[in-house]
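Subject: Structure handover

Hello,

Here is the structure for you to look over. My notes follow below it.

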Amino acid sequence: DHQKSIQVEETVRVERQAMKRIQLETELDQTRSSLAKAQAGLEVSRLQLQEKEMRRKDTTKRLEIVQQELESLKSEESDSPVRSSAADAKALLQQKQSKLTEQELQV
(Lines give C-alpha, C1' and ligand atoms only; values in the text may rest on other atoms or scores of the structure.)
Protein backbone atom coordinates (compact mmCIF):
# COMPACT_ATOMS: atom_id res chain seq x y z
CA ASP A 1 0.00 0.00 0.00
CA HIS A 2 2.90 2.30 0.80
CA GLN A 3 4.46 1.50 -2.59
CA LYS A 4 1.16 2.36 -4.30
CA SER A 5 0.95 5.66 -2.40
CA ILE A 6 4.48 6.58 -3.48
CA GLN A 7 3.62 5.67 -7.06
CA VAL A 8 0.47 7.87 -6.98
CA GLU A 9 2.47 10.77 -5.54
CA GLU A 10 5.08 10.37 -8.28
CA THR A 11 2.36 10.29 -10.95
CA VAL A 12 0.75 13.45 -9.52
CA ARG A 13 4.16 15.18 -9.41
CA VAL A 14 4.93 14.26 -13.02
CA GLU A 15 1.50 15.44 -14.16
CA ARG A 16 1.94 18.75 -12.32
CA GLN A 17 5.33 19.23 -13.96
CA ALA A 18 3.81 18.48 -17.37
CA MET A 19 1.01 20.99 -16.77
CA LYS A 20 3.50 23.58 -15.54
CA ARG A 21 5.64 22.98 -18.65
CA ILE A 22 2.61 23.46 -20.90
CA GLN A 23 1.71 26.67 -19.04
CA LEU A 24 5.26 28.01 -19.36
CA GLU A 25 5.40 27.11 -23.06
CA THR A 26 2.12 28.96 -23.62
CA GLU A 27 3.44 32.02 -21.78
CA LEU A 28 6.64 31.86 -23.81
CA ASP A 29 4.66 31.72 -27.07
CA GLN A 30 2.59 34.72 -25.97
CA THR A 31 5.74 36.63 -25.05
CA ARG A 32 7.31 35.82 -28.43
CA SER A 33 4.15 36.94 -30.21
CA SER A 34 4.07 40.20 -28.23
CA LEU A 35 7.74 40.78 -28.99
CA ALA A 36 7.19 40.19 -32.72
CA LYS A 37 4.28 42.67 -32.72
CA ALA A 38 6.37 45.24 -30.85
CA GLN A 39 9.28 44.80 -33.28
CA ALA A 40 6.94 45.22 -36.26
CA GLY A 41 5.50 48.39 -34.72
CA LEU A 42 9.00 49.70 -34.07
CA GLU A 43 10.00 49.04 -37.69
CA VAL A 44 6.92 50.89 -38.96
CA SER A 45 7.75 53.84 -36.69
CA ARG A 46 11.36 53.82 -37.88
CA LEU A 47 10.29 53.85 -41.53
CA GLN A 48 7.81 56.67 -40.88
CA LEU A 49 10.50 58.69 -39.13
CA GLN A 50 12.88 58.06 -42.03
CA GLU A 51 10.24 59.24 -44.51
CA LYS A 52 9.57 62.41 -42.48
CA GLU A 53 13.30 63.11 -42.32
CA MET A 54 13.58 62.76 -46.11
CA ARG A 55 10.65 65.15 -46.58
CA ARG A 56 12.21 67.60 -44.13
CA LYS A 57 15.51 67.53 -46.03
CA ASP A 58 13.69 68.05 -49.32
CA THR A 59 11.72 70.97 -47.91
CA THR A 60 14.89 72.49 -46.48
CA LYS A 61 16.60 72.16 -49.86
CA ARG A 62 13.66 73.83 -51.63
CA LEU A 63 13.64 76.58 -49.02
CA GLU A 64 17.34 77.24 -49.63
CA ILE A 65 16.66 77.51 -53.38
CA VAL A 66 13.87 80.01 -52.79
CA GLN A 67 16.11 81.99 -50.43
CA GLN A 68 18.85 82.08 -53.09
CA GLU A 69 16.34 83.26 -55.68
CA LEU A 70 15.17 85.93 -53.27
CA GLU A 71 18.72 87.12 -52.64
CA SER A 72 19.29 87.19 -56.38
CA LEU A 73 16.18 89.30 -56.84
CA LYS A 74 17.24 91.62 -54.03
CA SER A 75 20.56 92.29 -55.73
CA GLU A 76 18.83 92.76 -59.09
CA GLU A 77 16.27 95.07 -57.50
CA SER A 78 18.89 97.46 -56.25
CA ASP A 79 20.35 97.70 -59.78
CA SER A 80 17.07 97.67 -61.69
CA PRO A 81 15.01 100.71 -62.70
CA VAL A 82 11.91 98.49 -62.82
CA ARG A 83 11.40 98.31 -59.08
CA SER A 84 7.71 97.42 -59.16
CA SER A 85 8.30 94.18 -61.12
CA ALA A 86 11.14 93.22 -58.83
CA ALA A 87 9.03 94.06 -55.79
CA ASP A 88 6.20 91.91 -57.15
CA ALA A 89 8.60 89.03 -57.77
CA LYS A 90 10.08 89.51 -54.30
CA ALA A 91 6.61 89.36 -52.73
CA LEU A 92 5.82 86.21 -54.73
CA LEU A 93 9.04 84.54 -53.57
CA GLN A 94 8.32 85.48 -49.99
CA GLN A 95 4.91 83.83 -50.32
CA LYS A 96 6.59 80.70 -51.66
CA GLN A 97 9.09 80.78 -48.83
CA SER A 98 6.32 81.13 -46.26
CA LYS A 99 4.46 78.23 -47.81
CA LEU A 100 7.58 76.04 -47.76
CA THR A 101 8.26 76.97 -44.15
CA GLU A 102 4.68 76.08 -43.27
CA GLN A 103 5.02 72.72 -45.06
CA GLU A 104 8.25 72.05 -43.22
CA LEU A 105 6.56 72.71 -39.89
CA GLN A 106 3.85 70.21 -40.81
CA VAL A 107 6.45 67.52 -41.43
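Helices here are DSSP runs of H or I with at least four residues, numbered from the N terminus. Asp58 and Arg62 form a salt bridge, with their closest N and O atoms 3.7 Å apart. The term salt bridge means a side-chain nitrogen of Lys or Arg within 4 Å of a carboxyl oxygen of Asp or Glu.

Before the rest, the ground rules. This is a predicted model, where local features need pLDDT of at least 70, side-chain atom pairs count only at pLDDT 80 or more, and totals for chains, interfaces and linings use all residues. Residues are numbered from 1 along each chain as its sequence is written, and side-chain values use heavy atoms, with hydrogens and water left out.

Salt bridges

The structure has seven salt bridges.

- Glu51 and Arg55 pair through their side chains at 3.5 Å, N to O. Both lie in α1, four residues apart, about one turn of the helix.
- Glu53 pairs with Arg56, the closest N and O atoms being 2.6 Å apart. These two are also in α1, three residues apart, again about one turn.

Are these side chains buried or exposed? Buried means under 20% relative accessible area, exposed means over 50%, and partly exposed lies in between (1.4 Å probe, protein chains only). Asp58 is partly exposed at 38%, and Arg62 is partly exposed at 34%. Glu51 is partly exposed at 45%, as is Arg55 at 39%. Glu53 has 32% and is partly exposed; Arg56 has 35% and is partly exposed.

Nonpolar core

Which residues make up the largest nonpolar core? It has six: Leu63, Val66, Leu70, Leu73, Leu93 and Leu100. Helices α1 (2-79) and α2 (83-106) each supply at least two of its residues. The most come from α1, which gives four. A nonpolar core is a set of buried Ala, Val, Leu, Ile, Met, Phe, Trp, Tyr and Cys residues joined through side-chain atoms within 4.5 Å.

Gln97 touches Leu63, Val66, Gln67 and Leu70. Val66 in turn touches Leu93, Gln97 and Leu100. Contact means heavy atoms within 4.5 Å, and both lists leave out residues up to four places away in sequence.

Best regards
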